[in-house]
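This report describes selected features of the model shown below. It treats domains, then a sheet, then a single loop residue.

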Amino acid sequence: MEKREVPLTALKDGETGIVISVKTGHGRGRGRRRGMWGFEKRLMDMGLTPGTKVTVVKSAPFHGPLEILVRGSRLALGRGMAERIFVEIER
Amino acid sequence: MAKKKLLIALAGNANVGKSVIFNHLTGLHQHIGNWPGKTVEKAEGTLHFKGYTIDIIDLPGIYSLSTYSLEELISRKYIAVEKPDVVINVVDASVLERNLYFTLQLMELETPMVIALNQMDMAKRKGIQIDVEKLEKLLGIPVIPTVAIKGVGIFQLLEKAVEVVEKGQAAKYVSVKYGEEVEERIAKLTKMVEEVQFWYPPRYVAIKLLEGDEEIEREIKKLNPQIVSTAKKLASEIEKLHGHSCSTVITSERYEIAGCIAREAQKLVSPIKPKLGESLHNITTHKIMGYPIMAFVLLLIFYSIFTFGGYLSDLLNNLFYGWEPNFLSLFGTEIVGKLVWSVLEGIIAGVTIALPYIVPFYIILYFLEDSGYLSRIAFLMDNVMHKMGLHGKAFIPLILGYGCNVPACLGCRIMETQRERLLAAFATTLVPCAARTVIILGLVGKYLGIQWALTLYIFDLAVIFILGRLAFKALPGEPTALIMEMSDYRWPHIKTVLKQTWFRLTEFIKIAFPLIIVGSLAIKLAEILGLLEPIAMMLSPITVAWLGLPAITGITLIFGVLRKELTLVMLATLFGTTNFAEILSPIQMVVFTLVAMFYIPCIATIAALTKEFGWKKALYITIFEIIFAIGLGGIAFRILTLLTF
């Protein structure tokens, strides 16, 4: 079995991964700035903390948002956000 | 004996049935307004219970108590500063873990609380059994199971809340304990914070400082900057130890605690009912099927509302205008009579929009929202809205705009940031509301054919999209992405739906009516003083030379500021005919309709914009739309003339 770290958007429908990290981009210094802090904090608050299991149910067509299952609830997650969440999948 | 007063706050995630509980508790004694100076809703109500007069505040539905959104900031400040006697935390039993995450944060605010474990029926259906006593013990907080939609447990909840106030409870709390490395640093920081006076509890401040909370950092810096720098140092230590940012570490641990409690208190068995809601969810969010279903639902809504609304609107109009002769004979046809009548006309205008269009529209929308369908629409439309710098949720006020722009502007409150609210509101003012639909269908649709009317609608969508996109590029700031819970489908609580509609209606009346009436008066006065003709002449370089319209349309466009379909009504009055084909060429019809669609938000919408964003921004939007519409109309006139030459 091979472990890989990929963005959440790389998961196929029905696949499950474990959150490794959220990449806020722009390197350390800028990443801590307002918008990014909010972005990361928001994801964490919705339960996407490192170590959490996430299942991608499906994604809306034309690069639309993802429907994910996390901590027993169903979330709609914009693609831009999903691209920054890195997960580990077992295949 | 003076009555004893109590203050109870309702807090919890979105879609957990908080407002249903609020309605059960307060009945008709409610007041919905805004938080002072904020575009966030504040619902208050009063009830009498066991000799107490109890004020109830329904705090916004949120997932956290950080500074991500205005709602979160307002809620936590309210709890800390106003210090309600007890907070009722409404928890969705079917999504226990996520809800407990919020509960833990309330506990950190050290407020007295009671938990309403709501939607027990849904949890049961999903195969989740919750041991209430165990949950109580794990949290150290009284837990009352409720099924708010059926009124189950509401009385017990209130009883328990009062009991908590009478006997006190906060001390019995099980306190939220993080991992050792974190706890150590929290303790160190708490000691420092204890020395300054602040409205949040010291331990809470310490935790939030470690999480990098901006509001608290700013405030504490004023009191003692050293605390903040120590917090930064401690936070980076934690970051080094764990390899994640300190705020992530703390949030993770908090979720871990919530998860542990949830797992201990609940037992998963196989679901009882066949999952009707599940299949409904799958089909309404389906990659292919989702869109036709959405289109069908929306078209059905529009069709039924416009058929029903148009009928009712005509009925009301005829009824009211039937009174005109009686009225004028009473007050005379002199200036006074005319002025009083114009006031009444303003009221009539408001009523014939509000009752037939806004009320049914709201009922249906709230029904769809409470059932959960609107969040599915937001999911489907996220992609498109992103092109305008907005996310899926913004589609909802846009739909509202087709009924009336006023509630649509107010509906932009569902967006998270002020920037997005403004962007969404700007877009909604371009949506052809019921009044504009009257013009489009009554002029272009009737005389040129429905295909031309449809073309105009599609053109309007394109305009909304393009201008929305430009505004998004022009306004500084980063777009936020969609992150939204799609809670399970359920049958809405009809009383709550009706009550929400009722409050929206009163809100509309409060905002729109005064201005419509004043506007009617002003125009009537201008008419009596014989100012309309000179104004039309003054406008003729624009109306005649640039737009190619008859000069008299200048007058009708002035009336249209009050209420857009008046442009058409006045056209008929001034020309003395309702056969517009006699007075306007096909090109003029198209140009006139185009201008009428965009030329200005009506006066009520301007009022709504002012209320939400201040008069400056309202003025900018208004001026922009005037210039835009005139420019567009003139260009359309020239292109159409060329094409048909």
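## Domains of chain B

The C-alpha centres of domain 2 and domain 3 of chain B are separated by 49 Å. Chain B is divided into domain 1 (4-172), domain 2 (180-268) and domain 3 (290-644), with bounds from an automatic or database domain assignment.

## Basis of the model

The model is predicted: local features need pLDDT of at least 70, side-chain atom pairs count only at pLDDT 80 or more, and totals for chains, interfaces and linings use all residues. Residues are numbered from 1 along each chain as its sequence is written, while chains are lettered from A and ligands numbered from 1 in the order in which they are written.

## The sheet in chain B

Chain B has an open sheet of seven strands, in the order 2-3-4-1-5-6-8, with mixed pairing. Strand 2 (30-34) and strand 8 (143-145) of chain B are its edge strands, each pairing on one side only. From one strand to the next the twist averages 25°. Helices (H or I, at least four residues) and strands (E, at least two) are DSSP runs numbered from the N terminus; two strands pair if DSSP finds at least two bridges between them. Angles run from 0 to 180 degrees between N-to-C directions, and axes are lines fitted to C-alpha atoms, for helices over the stretch in contact.

Strand 2 and strand 3 (residues 41-49) of chain B run antiparallel and are joined by five bridges. Ile32(B) has Ala43(B) in strand 3 as its bridge partner.

## A loop residue in chain A

Gly14(A) sits in the loop between strand 1 (3-7) and strand 2 (16-22) of chain A. Gly14(A) is exposed because 9 other C-beta atoms lie within 10 Å; by that count, a residue is exposed at 12 or fewer, buried at 20 or more and partly exposed in between, with C-beta atoms placed from the backbone.
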